[in-house]
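Subject: Structure handover

Hi,

Here is the structure I promised to pass on. Please open it first, then read the notes below.

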Amino acid sequence: TAVGLGTHTIALPPLLAMGTPAQQEKWIPPVLRGEKIAALAVTEPNTGSDVVGMGTTAIDRGNYWELNGQKMWTTSAHFAEWYWVGARTDPDKPKHEGLSLFLIPMDHPGLEVQSLPTVGKDTTNQVFFEDVFVPDEYLVGQRGKGFQYIAEALDLERFTMFTLSPITNRTKV
């Protein structure tokens, strides 16, 4: 579907470029075979799609991360198997440098999905993170490089959606 394609267009490039071999082996093949669906967790209730304003936090607790916060308008969260999550890992650094990315299974303890109906009988979701403890191996790429990864992935998503959009020939009457 277009939703799945758009989400995977966003989620897979950072994983291909920056993921560990173990992450790539675990997540990429099932997604490419159509067995797993990703949901993207960037938009938040107080910041919308302003990625650098992200307030969801991920605190380094040694060999795991503690995530707390909320995401909004997550299109695929009610049926996805994994979540591509942006979170603030370094609150003392400039906003563009303080974000990181994580891969989290949607059934992970402490993660709660609440569906929201929309116009046209579609569904979107809000997702809450309350003391979600994830191991270090869920961090994608380098700590603090999340904004860069998100920006690169969104560029690819915009390009892909354009190439799949119908092109119409408009003439003035």
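Helices (H or I, at least four residues) and strands (E, at least two) are DSSP runs, numbered from the N terminus. With that rule, the chain has 3 helices and 8 strands. From the N terminus on, their order is α-α-β-β-β-β-β-β-β-β-α.

Two notes on the source. This is a predicted model, where local features need pLDDT of at least 70, side-chain atom pairs count only at pLDDT 80 or more, and totals for chains, interfaces and linings use all residues. Residues are numbered from 1 along each chain as its sequence is written, and side-chain values use heavy atoms, with hydrogens and water left out.

**The whole chain**

Buried means under 20% relative accessible area, exposed means over 50%, and partly exposed is in between (1.4 Å probe, protein chains only). Of the 173 residues in the chain, 42% are buried. The chain exposes about 9600 Å², and carbon and sulfur atoms supply 56% of that (Shrake-Rupley method, 1.4 Å probe). Now take contacts (heavy atoms within 4.5 Å). Among those with a separation of 6 or more, 68% are between residues 24 or more positions apart.

**Helix α2 and what follows**

How far apart are the end C-alpha atoms of α2? They are 16 Å apart. The expected span is 1.5 Å times one less than the number of residues. For the 12 residues of α2 that gives 16 Å, so the two values agree. Its buried residues are Gln23, Trp27, Ile28, Pro30 and Val31.

Next comes the loop between α2 (21–32) and β1 (38–41), where Arg33 lies. Arg33 is exposed, with a relative accessible area of 53%. Its side chain makes a polar contact with the side chain of Glu35, at 2.9 Å. A polar contact is a pair of N or O atoms within 3.5 Å; within protein, one must be able to donate a hydrogen and the other to accept it, and residues adjacent in sequence count only if both atoms are side-chain atoms. Gly34 follows α2 too, and its phi is positive, near 80 degrees.

**Two positive phi values outside glycine**

Trp73 has a phi near 60 degrees, positive although the residue is not glycine. Trp73 lies in the loop between β3 (64–71) and β4 (82–88). Is Trp73 buried or exposed? Trp73 is exposed, at 51% relative accessible area.

Asp131 has a phi near 50 degrees, again a positive value in a residue other than glycine. Asp131 lies in strand β7 (residues 123–135). Asp131 is partly exposed, at 37%.

Best wishes
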